Amino acid sequence: MPVDVTALARQCSSGQPRHNWTRAEIAALFALPFSDLIFLAQQVHRRHFDANAVQMSSLLSIKTGGCPEDCAYCPQSAAFETGVEAGKLMDLEATLQAARAAKKDGASRFCMGAAWRNPKDRDIEKVGRMIAEVKALGMETCATLGMLTPDQAQRLRAAGLDYYNHNLDTSPEHYGAIITTRTYQDRLDTLAHVRAAGMKVCCGGIVGLGESSDDRIGLLHSLATLPAHPESVPVNMLVQVEGTPLAGQAKPDGIDFVRTIAVARIVMPESVVRLSAGREEMSDELQALAFLAGANSIFLGDRLLTTKNPGQDRDGALFGKLGITPMPYATAELDSPAAAE
Ligand code: SAM
Ligand code: DTB
Ligand code: SF4
């Protein structure tokens with residue numbers, strides 16, 4: 001049966017979260033005239049959020065490079081010559097120093113990333129100590145460490161981890177063209193362990209992997225039909241890194257990227273949607289359109305994990321022009337006393 005777009009738009013504008021999206025409905029949203037799509041995304045956004053508030057996180061690579069996975073986009077895979085040196089797990093004091101600086105620069109959440117397929121149990125112990133100390137600074141905590149067992153997820157939660165980032169990246173159909181060393185189901189299993197341990201989920205994908213428009217529909221369908229929507233949905237624009245198999249291919253159209261953000265906003269109305277990697281190469285106008293389409297979080301600071309991000313000066317000027325204000329502690333209740341500072 002064809003989708004009744006008028007009825008769908010009316011139903012979407014109520015902002016009620018749904019988990020039974022069909023691919024045909026998501027395709028119909030992508031196909032809306034751009035102004036209608038942005039209007040709908042704005043209606044949904046304003047039902048749940050202050051339209052001018054943007055959540056700010058800071059990223060730190062606590063273990064860089066040498067990863068045994070073969071994700072075709074990633075400069076940290078040991079399978080590609082990208083010039084990224086493999087390092088050891090960072091020590092606690094260096095991590096805390098970065099977290100304190102991030103807090104001073106206005107980040108409310110600190111996200112620690114490791115180039116692992118999965119952490120070992122002794123890594124969980126060390127990262128757990130980092131999490132507890134970052135939390136004691138009065139920041140929300142996030143980590144992205146690869147696949148987890150149920151027990152590892154529980155230990156991270158017990159250490160004070162608020163969010164776990166684990167992306168689906170693309171549609172189930174396109175996944176095998178991007179990563180051969182793990183399956184979509186592996187990703188879904190870790191997401192279930194993270195949920196079962198009581199953590200908030202940060203899960204999204206990448207635009208620019210050579211995916212078709214059906215794959216973007218498929219990615220958003222996978223995310224929006226999870227048993228609970230991820231609280232945080234990063235939409236990354238591929239950062240092409242020399243030496244990775246995806247370097248040098250055609251870049252996606254900016255309007256298509258903004259459409260992906262708008263549809264994510266509509267199908268996961270209560271989620272914070274992150275305008276994630278790729279901002280360094282975006283114009284102010286493209287970023288403004290992404291915020292208008294319902295993106296309401298970003299990474300602050302001049303570095304993502306291994307690649308560049310706009311620094312404080314450019315972001316400060318952009319936020320000033322757009323009247324953007326920081327959204328403190330978007331969805332987590334902090335139990336640390338320092339949170340009140
Ligand atoms: N190794 C862990 C994993 O894969 O889950 C955690 C770190 S990994 C770098 C986190 C995410 O960064 C990936 O899932 C991917 O979505 C994103 N990412 C990596 N390289 C990227 C790139 N070149 N451009 C955009 N996003 C990228
Ligand atoms: C996410 O979705 N994007 C961030 C974060 N989660 C960990 C990572 C982007 C990495 C971009 C490439 C790099 O800097 O190495
Ligand atoms: Fe490893 Fe994560 Fe990069 Fe894949 S995305 S190669 S798992 S660091």
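Predicted model: local features only at pLDDT ≥ 70, side-chain atom pairs only at ≥ 80, totals over all residues.
Reader: Hi! Which residues does Ala51 touch, leaving out those up to four places away in sequence?
Author: Ala51 touches His45 and Arg46, where contact means heavy atoms within 4.5 Å. Residues are numbered from 1 along each chain as its sequence is written, with chains lettered from A and ligands numbered from 1 in the order written.

Reader: Thanks! And where does Ala51 sit?
Author: You'll find Ala51 in the loop between α3 (34–48) and β1 (53–63).

Reader: Is Ala51 buried, exposed or partly exposed?
Author: Its relative accessible area is 23%, so Ala51 counts as partly exposed (buried is under 20%, exposed over 50%, with a 1.4 Å probe and protein chains only).

Reader: How far is Ala51 from Glu270?
Author: In space, 13 Å from C-alpha to C-alpha, though 219 residues separate Ala51 and Glu270 in sequence.

Reader: New topic: which of the 14 residues around ligand 2 come nearest?
Author: Those are Asn167, Asn236, Leu305, Thr306 and Thr307 (near means a heavy atom within 4 Å).

Reader: What about Asn167 and an oxygen atom of ligand 2?
Author: A polar side-chain atom of Asn167 is 2.8 Å from that oxygen. For Asn165, an N or O atom of the side chain is 3.3 Å from a nitrogen atom of ligand 2. With Ser276, the side-chain N or O atom is 3.4 Å from a ligand 2 nitrogen.

Reader: How much of ligand 2 does the protein cover?
Author: On its own, ligand 2 has 410 Å² of accessible area (Shrake-Rupley method, 1.4 Å probe), and the protein covers 88% of that.

How values were computed: Heavy atoms only, no water. Helix = DSSP H or I, 4+ residues; strand = E, 2+ residues; numbered from the N terminus. Polar contact = N/O pair within 3.5 Å; in protein donor to acceptor, adjacent residues only side chain to side chain.
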